Amino acid sequence: MKEMDKRKATRIIAGYKASIAISGDRYEAVVENLSESGICVLTFPLEIPVGFAPGESVDLHIEAPTGEILDIVCKVKWSSTIPPHNITRSIGAEIVDPPWEQTGCFV
């Protein structure tokens, strides 16, 4: 069974502009995909390597397709660098308190 088949919720492809904050620092990113309870974010190339450890709390600031800004608290589930240069990170996270009922962004 493929990893994608194990997911509890359907993912939608996103491409939304975002930033991710951790330990007081903010990094530009893009939302690769998201679901009701999870999100995958790609950072822009990082000059200084940054680790996003499983269990760490991060704040995501997302510009939704409607123009609405969403601030979402997430808990990192996994993180890996993307070859060949390993200066971009892919981060999978669980959305702690999904805001879907308070927003019309994804209706």
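Colleague: How many helices and strands make up the secondary structure of the protein?

Modeller: Since this is a predicted model, everything I say is computed from its atoms. Read along the sequence, the protein follows the pattern β-β-β-β-β-β. The secondary structure therefore comes to 0 helices and 6 strands, with strands counted as DSSP runs of at least two residues.

Colleague: What share of the residues of the protein count as buried?

Modeller: The accessible surface of the protein comes to about 6,800 Å², and 53% of that surface belongs to carbon and sulfur atoms. A residue counts as buried when its relative accessible area is under 20%. Of the 107 residues of the protein, the buried share is 38%.

Colleague: With which residues is Ile62 in contact, leaving aside its neighbours within four places in sequence?

Modeller: Leaving aside its neighbours within four places in sequence, Ile62 is in contact with Tyr16, Lys17, Ala18, Val31, Ile39, Glu68, Ile69, Leu70 and Ile72.

Colleague: Do β1 and β2 run parallel or antiparallel, and how many bridges join them?

Modeller: β1 and β2 form a hairpin with 2 residues between them, and Ser23 in the turn has a positive phi of about 50°. Within this pair of strands, Lys17 stands opposite Val30 in β2. The two strands run antiparallel, and the number of bridges that join β1 to β2 is 9.

Colleague: Which residue of β3 does Leu34 stand opposite?

Modeller: A hairpin joins β2 to β3 through 3 residues, and the two strands pair in the antiparallel sense over 5 bridges. One of the facing pairs joins Val31 to its bridge partner in β3, Val41. For Leu34, the residue that stands opposite in β3 is Ile39.

Colleague: Which residue in β6 stands opposite Val41?

Modeller: β3 and β6 pair in the antiparallel sense, and this pairing runs over 5 bridges. The residue of β6 that stands opposite Val41 is Ile91.

Colleague: With which side chain does the side chain of Ser19 make a polar contact?

Modeller: Ser19 is found in strand β1, and at 5% relative accessibility Ser19 counts as buried, because that value is under 20%. Leaving aside its neighbours within four places in sequence, Ser19 is in contact with several residues, including Tyr27, Asp59 and His61. The polar contact of its side chain, at 2.8 Å, is with the side chain of Arg26.

Colleague: Which two side chains meet in a salt bridge?

Modeller: A search of the whole structure finds 1 salt bridge, with a nitrogen-to-oxygen distance of 3.8 Å. The pair links distant parts of the chain, 17 residues apart, with one partner in strand β5 and the other in strand β6. Glu94 is partly exposed, because its relative accessible area of 37% falls between 20% and 50%. The side chains that meet in this salt bridge are those of Lys77 and Glu94.

Colleague: Is Thr10 buried or exposed?

Modeller: Thr10 lies in the segment before β1, and, leaving aside its neighbours within four places in sequence, Thr10 is in contact with Leu34 and Ser35. The C-alpha atoms of Thr10 and Gly38, which are 28 residues apart along the chain, are separated by 9.7 Å. Because its relative accessibility of 69% is over 50%, Thr10 counts as exposed.

Definitions and conventions: Residues are numbered from 1 along each chain as its sequence is written. This is a predicted model: local features need pLDDT of at least 70, side-chain atom pairs count only at pLDDT 80 or more; totals for chains, interfaces and linings use all residues. Side-chain values use heavy atoms; hydrogens and water are left out. A salt bridge is a side-chain nitrogen of Lys or Arg within 4 Å of a carboxyl oxygen of Asp or Glu. Helices (H or I, at least four residues) and strands (E, at least two) are DSSP runs, numbered from the N terminus. Buried means under 20% relative accessible area, exposed over 50%, partly exposed in between (1.4 Å probe, protein chains only). Contact means heavy atoms within 4.5 Å. Accessible areas come from the Shrake-Rupley method with a 1.4 Å probe; for residues, only the protein chains shown count as cover. Two strands pair if DSSP finds at least two bridges between them. A polar contact is a pair of N or O atoms within 3.5 Å; within protein, one must be able to donate a hydrogen and the other to accept it, and residues adjacent in sequence count only if both atoms are side-chain atoms.
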